[in-house]
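Hello,

Here is the structure I promised to hand over. Have a look first, and my notes follow below.

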Amino acid sequence: MKMVSEAQRQHAEAMLEGAAPVIELLGVSRVYPSRSGVVHALNDASFTIGAGEWVAITGPSGSGKSTLVNLLGCLDTPTAGTLRIDGTEVHTMGGGDLDRFRADKVGFIFQQFHLIPYLSALENVMLAQYFHSMTNETDARAALDRVGLSHRAEHLPSELSGGEQQRVCIARALINDPPILLADEPTGNLDAANQRIVAEILTELHGNGHTIVMVTHDPEMAALAQRKIALSHGKVFCHPVSNVVKLSQ
Ligand SMILES: Nc1ncnc2c1ncn2[C@@H]1O[C@H](COP(=O)(O)OP(=O)(O)OP(=O)(O)O)[C@@H](O)[C@H]1O
């Protein structure tokens, strides 16, 4: 694992101690109707995530991870409770407002990459700029450079390895400088070498002050985070902040 400098470690600790919450849930539930009544996919969840924190969301299949990710990513709204993202109550928005808010606040990193197959790596990153505001090729190339992919900018996703595709996704997630990076099993489809590369990039982003919320089944990835939010049958169990010293191991 890449070493994190003492300055970066201190920065992360400071961020954690004084962090203003960028995500706040108060009694948040998401209930789905079902033939046999209702499913409490997320049940009365209350927690905060501070700016600059790296949090891992864990839990068995069906425990509510996707439900929580959809809420945090503003892809869905709670059926009860209050969810604030960067100070704004999400349920007060809908339609185009919510789309714009999402594009501003959240950068998504998916297990399945979701790159447009007929666009180059560069164009995939620029498409995220286009949906947010205006395209800027220099910035898009810089984002690819940041994940070590400037030499692959003109390649189609099919011409890239799985690890390289995931790095394009990270560049795409970063391009509009959102306050939250939401990663859903970011290493789930990668071999060990590429898992390590993605873990290093996330570690570096966290060291630079990014807030990362990451769903993972992988204990090694979860151990990189400062805190675990474990789900079981829709209930949330927050584990205390683990020692930030982990960052330097
Ligand atoms: N649209 C829906 N309608 C009804 N029930 C749903 C719906 N979506 C999810 N559920 C139920 O909500 C619960 C939580 O589902 P969720 O997909 O959030 O779990 P998960 O932890 O992400 O699972 P996995 O790891 O298998 O993806 C499950 O019992 C699931 O069956």
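Two strands count as paired if DSSP finds at least two bridges between them. Helices (H or I, at least four residues) and strands (E, at least two) are DSSP runs, numbered from the N terminus. Please keep in mind that this is a predicted model: local features need pLDDT of at least 70, side-chain atom pairs count only at pLDDT 80 or more, and totals for chains, interfaces and linings use all residues. Residues are numbered from 1 along each chain as its sequence is written.

Let's start with the sheet. Six strands make an open sheet with mixed pairing, in the order β6-β7-β8-β3-β9-β10. β6 (106–110) and β10 (235–238) are at the edges with a single partner strand each, so one side of each has no neighbour in the sheet. At the β10 end, β9 (residues 227–232) runs antiparallel to β10 and is joined to it by four bridges. Ser232 has Lys235 in β10 as its bridge partner.

Next, the ligand. The residues around it (C-beta atom, placed from the backbone, within 6 Å) include Tyr32, Ser34, Gly59, Lys65 and Thr67. β1 (21–34), β2 (37–50) and α2 (65–72) each supply at least two residues of this shell, and α2 gives the most, with three.

Finally, a helix pair. Ala121, Leu122, Val125, Met126 and Gln129 in α4 meet Glu137, Ala140, Arg141, Ala143 and Leu144 in α5 (contact: C-beta atoms, placed from the backbone, within 7 Å).

Enjoy exploring!

How values were computed:
Two residues are in contact if their C-beta atoms, placed from the backbone, lie within 7 Å.
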